[in-house]
Amino acid sequence: MAEKTTQYYVPAGSPWPVLASVGLMLLALGGANFIQQSTDVVNNEGTFGGMLLAVGVIWMIGVLFMWWRDTVKESIGGLHSDQMYRSYSQGMLWFIFSEVMFFSAFFGAMFYTRWLIVPWLGGAGTGAMTHELLWPEFQAMWPVVTAPDGRVTAAMGAWGLPAVNTALLLTSSITLTIAHHAMVANQRGKVILFQAATIALAVAFLCCQVIEYIHAYDMGLTIDAGIYGSLFFMLTGFHGVHVFLGTIFLTVTFLRVLKGHYTPENHFAWEAAAWYWHFVDVVWLFLFVTVYWL
Amino acid sequence: MSDHHEHHAPTGLKRWLFSTNHKDIGSLYLWFSFIMFLVGGLMALVIRTELLYPGMQVVDPDFFNQMTTVHGLVMVFGAVMPAFVGLANWMIPLMIGAPDMALPRMNNWSFWILPAAFALLLSSVVLSIFADGNPPAPNFGWTFYAPLSSTYGPASTDFFILSVHMMGISSIMGAINVIVTVMNMRAPGMTMMKLPLFVWTWLITAFLLIVVMPVLAGAVTMVLTDRHFGTSFFDAAGGGDPVLFQHIFWFFGHPEVYIMILPAFGVVSAIIPTFARKPLFGYASMVYATGSIALLSFLVWAHHMFAVGMPLAGMLFFMYMTMLISVPTGVKVFNWVATMWRGSLTFEVPMKWAISFVVLFTIGGLSGLMLAFTPADIQYHDSYFVVAHFHYVLVPGAIFSMFAAVYYWLPKWTGVMYDRFWGEMHFWNSLLSVNLLFFPMHFVGLAGMPRRYADYALQFADYNFWISIGAFWFGISQLFLLWVLIKACFLKKGEKATMEVWDNPEGLEWTVPSPAPHHTFDTPPIIK
């Protein structure tokens, strides 16, 4: 294993992890109270949840900034070894795999709904007309475009904005790969150019997604418009959140490119951001095919 | 290369709060899990006190439901899982000749999320007892089936959901750390098929964790949005289905039970060869059996749902897949027995725990086989037979293996032998009481006593009385362990342990002094 290095860098004690736990606690406590206080499902009078959540977000950003500042210093300070690179890169890949599994839960819910629940509610199998009791206007078709309250919503077509979005994300993956090759070839100008293009495409995607949501709400497709709205907004919403985080990730590594932090041999963080970006791209392709198209 | 490497041994609170040392973090995990074990145990005793006699006497039914719920959550996520992560932290770097875990700061974060998550979860129990109007803690069972948790869940459900998110983050980071450590930090010459079985079982467990914990996060997220944002994942009146919840939950839940038992297999596979003075029988088959169990665990989830109703093909598929798991499990039990066969057996305390693990876990496995038969399961479903089954695999299964591990490695951790008398007391009292506690549950279950009720029909009274007596006895027995631990960890009283501790045990952990120094294997050992 350890061919080149005989010693593995074990960092000294660090205050950031435990402070990050405090941050998560603030996020959870603030988040739960904020959700309860801004909806009227349970009795929670008060307004402190939002405040606490905001404090948690700022706290978390601060702690993660300091934590990663330490790792950046270690990286620039030459403490990283090949073995450490393997640890970091394998860790990142397993993290991305865990994200894939998170999306799988929602994709699984969608296929179960399409293939089993909707036909069953329509009377398949037993012939029982369950929906007659629950939801008189129900029609066993996908997407389910009649909402429980009788509203008729619309299926989100694939060939308008979503197709544009697909093109944007696929192009951004190409520009990022060009930047990656330039990084390895030590062509910093080219990295800057193509990474900037990637970030611009990412921002364009996010803007299009906002327009798409406004469009959906105009057509009556809201998150509470039955199972189609639930799945549509949760799947594309979580994807959008990941695109947003990926954009921040790319922006941070872009700033570090400008500062000259990376070398052709040592640019793990940059690579991790690129992997993350390809991951959100692949998730989008699945979304495009299964949510919008088919 | 080594100048930046020297750390002054940290002291005081900072040592524990800011730690990047796998041994310190391992100790934190182990103590945290022991505290949670006692907290969850007290909840179990509330349940058993109520069930001591028929009729309602101590708590009201809603609080009883809160106790069954939080007992399950605390034991699964607070006691068993962190205990094994603690063992992994302590032992994996020692076993593979690594200086530490691969990602030490993340390791610290994985741990310190847990006290925060459990503070959040347990605060709802504290409020339920002390606050005005007794707002209920989660009361829908640890499986939090929709719509009990979505439509009908109390206000505390949202706090429960976010605490589960935190536990998930902790588990995923811990699992990533284990995989990366094993894949990347092994000493030269430590090939995969030379890894101690504990390392193998943990590697596979970590894989299971990374696959299923995000799915659990998805499930709780859907419950949260169903509760507050009008989604209808689990609401048939909006085109969803409560059964969808069960599918997602058990896709997490079944691998989860292997997450809680595979490291136990690893522990027992370390201990039995030492006291049989023979190498483990069938090492390679153990590795493949563990892998098979892990893969099959993704294909059996719906056996928890036979009573819900599903197509016949589904029932048959999940029944046969479930029964298939008994093959690799049988391989393991066979190998443990074969390891002991004609060995020079001695029965030190860890060996006693390990042997009772093999016997009692097998009882739990056999009742699991009975539950795997779909037509029989429809009869046994939601009865005390199920409670007996999963407590046999979790208490004299997973938890006994933990005890075995603690007695086996305590001299290495602390430098002193455990107190033999109180260790024996702990063992014999636990062994007798655990069977008094859980064995009669098979009978009342088959006779029709349903689980999760605060009361029962009169014909079950005698059995329940003795079950409760067993519960109190088992609970008190754990105080003996507390004393053993205090004596070894804090008072440092006891016979000095040698480097090898036992009679010629196998493994790199026995090549470092007892107690293991703060930093070990700064330069990796060479494995031939």
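This is a predicted model: local features need pLDDT of at least 70, side-chain atom pairs count only at pLDDT 80 or more; totals for chains, interfaces and linings use all residues.
Me: How is the chain built over residues 88-108 of chain A, and how far apart are the end C-alpha atoms?
Reply: Residues 88-108 of chain A are 100% helix and 0% strand, and their end C-alpha atoms lie 30 Å apart.

Me: Why does the radius of gyration of chain B agree with that of a compact globule?
Reply: A compact globule of 528 residues would have a radius of gyration near 24 Å, and chain B has 23 Å, so the two agree. Along the principal axes, the C-alpha atoms of chain B fill a box of roughly 65 × 50 × 45 Å.

Me: What share of chain B counts as buried?
Reply: Burial requires 20 or more other C-beta atoms within 10 Å of a residue's own, and 59% of the 528 residues of chain B count as buried.

Me: Which elements of chain B give two or more residues to the side that touches chain A, and how many residues are in contact?
Reply: Contact means C-beta atoms within 7 Å, and 66 residues of chain B are in contact with 63 residues of chain A. The contributing elements are helices H1 (12-17), H4 (104-130), H5 (157-184), H6 (197-228) and H7 (242-259) of chain B. By class, this side of chain B has 38 nonpolar, 20 polar and eight charged residues.

Note on methods: Residues are numbered from 1 along each chain as its sequence is written. Chains are lettered from A and ligands numbered from 1 in the order in which they are written. The radius of gyration is taken over C-alpha atoms; the globule rule is 2.2 Å times the number of residues to the power 0.38. A residue is buried if 20 or more other C-beta atoms lie within 10 Å of its own, exposed if 12 or fewer, and partly exposed in between; C-beta atoms are placed from the backbone. Helices (H or I, at least four residues) and strands (E, at least two) are DSSP runs, numbered from the N terminus. Ala, Val, Leu, Ile, Met, Phe, Trp, Tyr, Cys and Pro count as nonpolar, Asp, Glu, Lys and Arg as charged, and the others, Gly among them, as polar.
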